[in-house]
Amino acid sequence: MKRRILTTALACAMLLPCALPLAGCAAEKEEVLRVYNWEDYISTPSESEGGSEESDYVDLIAEFEREYEAQTGKPIRVEYSTFGTNENMYNELKINPGAYDLVCPSDYMIMKMIAEDMVEPFSEQFLTESNYAKYGSPYIRDLFKENGWAQYAVPYMWGTMGYVYNPELSETVEEDLSSWAGLWAEEYASVATIKDSVRDSYFLGVAYVYREELMQLQEEYGAAGMKLADENYAAFNAKVTEIMNRTDEATIEQTKDALLALKEHLYGFEVDSGKQDMVVGRISINFAWSGDAVYTMDDAEPYTDENGVYHDGIYLNYIVPQECSNIWFDGWVMPKGAQNTEAAEAFVDFLSRPENAVANMNYIGYTSSIAGDAVFDEMVDWYAEGEEGDTDENGAPLVPYDLNYFFDGTSDGAHADGDFIIYVSEESAKRQICAQYPTEEVIARSAIMQHFDDDTNAAVNEMWEEVKGLPIPIWAYIVIAAIAAAGIAIGLSYMYKGKRSEPKPKKGYRRVS
Amino acid sequence: MVRVHFSRRQLCIPYGLFLALFVVIPMLLILFYAFTEEIDGVLTFTFSNFLNFFTSTAKLSTLLMSFTVAIISTAICLAIAYPVAYILARSKLRRRNVLLMLFILPMWINFVLRITALRELLDLIGLLGTQNYLNTIIGMVYDFLPFMILPLYTTLEKLDESYLEAAADLGGNKFTVFTKVTFPLSMPGVISGITMVFMPSMTNYVVSDTLSNFNITILGKLIDQYFTTYDNWHMGSMISIILLVIIFVTMLATGGFKDDGREARGANLW
């Protein structure tokens, strides 16, 4: 009987998955676009945020649905779902190919997916005529072209990695943190967090290990004030990229030692709590993505609310250390098996319109790869403190912040090429704007972190596991030893007791229990 | 009126289904993943995950750390919970159920919220960021204490008063009565309390992550890492299996101890 129940149950269980798709395809009137994106990575205000009158957040998904129907006459519904890690997204696509029309992985995952032939190329028309073709930043577009991703991926957000820090921590903190190695000082480590993420922390470790070699390289190539148009930029950047992507055994070993040494005094690792911990002052240095850095600095600043009440705060800075940085980006790709590539392209085109890029930047805080007048004007609105020749409140002249490398050639006529310069005070130049848009010099010494192959991945993960799992404090061994000793003692005493209290029955008797 | 009659067998079907779908099949899947690996897109049978676990410094350290944290947390829970349960169960208070409720009440609040609150509290008293191990253990104890109190209370409450009176009549002082009668008879409660605290303290990585600022890794975290970031379900499944076996063995050991204890001590008692 038992067996029959089990087989019935199993049979039912097998039938269940077959029944599900039938229920799914009942009504198919409107078009569907299935988008798979990072959590909190598009401007879609919740009701509380969008409900109030003064809210300037735009619901881009609803907006797209309206516009698409108006333009094509076809109603469309965006099925929007989110993921937490690239690997989750990748597995989902592997298990269920064709489940999404548009996904937004990070750089290395895009490389992996292209290498594994998992993505559909964008149409020729999209690549030449879309808003992305018109307004995409020339720097980012070139980057994609050089690396051979241009056909398959459209960049969405991008940025660097660096330290967010409280400038009042010490007199020399800015100077100390102008090297990645600054964090290794005990006084800084004890008030700092780094990312609980293997790739980001590996990067940090490698930058520390090869810091001298990187600095020598800069001297060799004259990297101070380097422009992207300089002739030795390509060669220099290739060298930096090579160093930062080393994964040989010795590098991994040294990186492990470096990270373990750092961990000894480190306040901790973080996934998402670093921003809040910075704002409340629990920590004073955070190894962060530039987008998170902007968010943190915004949140920590003193401000006056709409009722005129002043809220105290701190001005935090962001710094990309001298040696190098990591250029990262997330981009849209259409996975193989996508059923509505037309709508997917329309969606990316929609998001690439500068006005919508601004809406996204407003909401998410990350930097869009889209340039154009609307974006630049918004940046001027956010950051500019005056015109050329003006002075700040202390009487010091404003400094030019040159964004031509990013915006050139994307204006509809409001700005001429070479005019994309924002004048800010020297203090402000170390804050949000440098996290939002790194200077050309920083870009020149920033490397893209490649996708590791499976064996390398395993080795790096193993290294990270050791960093996270070691060292074991001595008292832990003592506890284990004590427990083991107690266990043995109890066991022995029982054996002894058992012998004593249960003598063998005499001949001719049986023991009755 | 329609009379519906279910046989007992039919009444078992919902649970049978549940069992098959959410226990048996996932278990088989985990087993399958644990003993396979993917080579060039082909799944092949292998013991390498198993061997890898026991040759990797990182994994063995994590295992040791989880073990230590779990043992200490369980011991502290027992030390705190036993007196509480004992006093509650023995007391003549009319409203002792209300009192018991006070211990259970925190469980009604989502534990992530409680741990987040505890993080703030530990920060306030200056432990956060400096005492990672202590914080983790405090968190585990805080979180799992009710699971220790409840079974102890139920066993102690059911304890027949006349046993204790008999022991006292036969000349046992309070201490002897406790060590020879009360404690042995409460063993089932102790055992189930230990299993209910020990197992989750080996895996509840939300506590260790939040309160140690990710400085301490326990087995649950390792499993999570393999599934979500290292993208290696095979190793993740293997660690799950190993954890399962460890817990199973511990239960078997304590379970055997329980039966043994009941009989042997019962024999000693009378």
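# Contact and packing in chains A and B

Me: How many residues does the contact take from chain B and from chain A?
Reply: The contact takes 34 residues from chain B and 35 residues from chain A. Please note that this is a predicted model.

Me: What about H7(B) and H8(B): at what angle do they pack?
Reply: Helix H7 (residues 161-169) and helix H8 (residues 174-185) of chain B pack at an angle of about 160°, with their axes 10 Å apart. H7(B) is therefore roughly antiparallel to H8(B). The crossing of H7(B) and H8(B) is right-handed.

Me: Which residues meet there?
Reply: From H7(B) come Tyr163(B), Leu164(B), Ala167(B) and Ala168(B), which meet Val177(B), Lys180(B), Val181(B), Thr182(B) and Leu185(B) in H8(B). By class, the contact of H7(B) with H8(B) has 7 nonpolar, 1 polar and 1 charged residues.

Me: Now to chain A. How many helices and strands are there?
Reply: Chain A has 24 helices and 19 strands. Of its 513 residues, 40% count as buried. Among contacts in chain A between residues at least 6 apart in sequence, 76% join residues at least 24 apart.

Me: In what order do S1, S2 and S3 of chain A stand in their sheet?
Reply: The order is S2-S1-S3 in an open sheet of 3 strands in chain A, with parallel pairing. Strand S2 (76-83) and strand S3 (102-103) of chain A each have a single partner strand, so one side of each is left without a neighbour in the sheet.

Me: Which helix packs on that sheet?
Reply: Helix H17 (residues 341-351) of chain A packs on the sheet and touches S1, S2 and S3 of chain A. The direction of H17 makes about 55° with that of S1(A).

Me: How many bridges pair S1(A) with S2(A)?
Reply: Strand S1 (residues 31-38) of chain A pairs with S2(A) over 8 bridges, in the parallel sense. Trp38(A) stands opposite Phe83(A) in S2(A).

Me: What is the order of the open sheet that contains S5(A)?
Reply: That open sheet of 3 strands in chain A has the order S14-S5-S16, with antiparallel pairing. Strand S14 (328-332) and strand S16 (367-368) of chain A are the edge strands, and each pairs on one side only. Strand S5 (residues 154-159) of chain A is joined to S14(A) by 5 bridges, and Gly159(A) stands opposite Trp328(A) in S14(A).

Me: How many residues of S6(A) are buried?
Reply: In strand S6 (residues 161-165) of chain A, 5 of its 5 residues are buried.

Me: Which strand do 5 bridges join to S6(A)?
Reply: Strand S9 (residues 285-289) of chain A is joined to S6(A) by 5 bridges and runs antiparallel to S6(A). Tyr165(A) stands opposite Ile285(A) in S9(A). A further 3 bridges join S6(A) to strand S12 (residues 317-319) of chain A, also antiparallel, where Tyr318(A) is the bridge partner of Val164(A).

Me: Is Ala357(A) buried or exposed, and why?
Reply: Ala357(A) is buried because 26 other C-beta atoms lie within 10 Å, the cut-off being 20 or more.

Me: What does Ala357(A) touch beyond residues up to four places away in sequence?
Reply: Ala357(A) touches Ser352(A), Ser368(A), Ile370(A) and Val375(A). Ala357(A) and Ala374(A) are 17 residues apart in sequence and 8.6 Å apart in space, C-alpha to C-alpha.

Terms used:
Residues numbered from 1 in each chain as written. Chains lettered and ligands numbered in written order. Predicted model: local features only at pLDDT ≥ 70, side-chain atom pairs only at ≥ 80, totals over all residues. Pairing = 2+ DSSP bridges. Helix = DSSP H or I, 4+ residues; strand = E, 2+ residues; numbered from the N terminus. Contact = placed C-beta atoms within 7 Å. Axes fitted to C-alpha atoms, helices over the stretch in contact; angles between N-to-C directions. Buried ≥ 20, exposed ≤ 12 C-beta atoms within 10 Å, placed from the backbone. Parallel < 35°, antiparallel > 145°, perpendicular 65-115°, else oblique. Left-handed = near helix turned anticlockwise from the far one by under 90°. Nonpolar A, V, L, I, M, F, W, Y, C, P; charged D, E, K, R; others polar.
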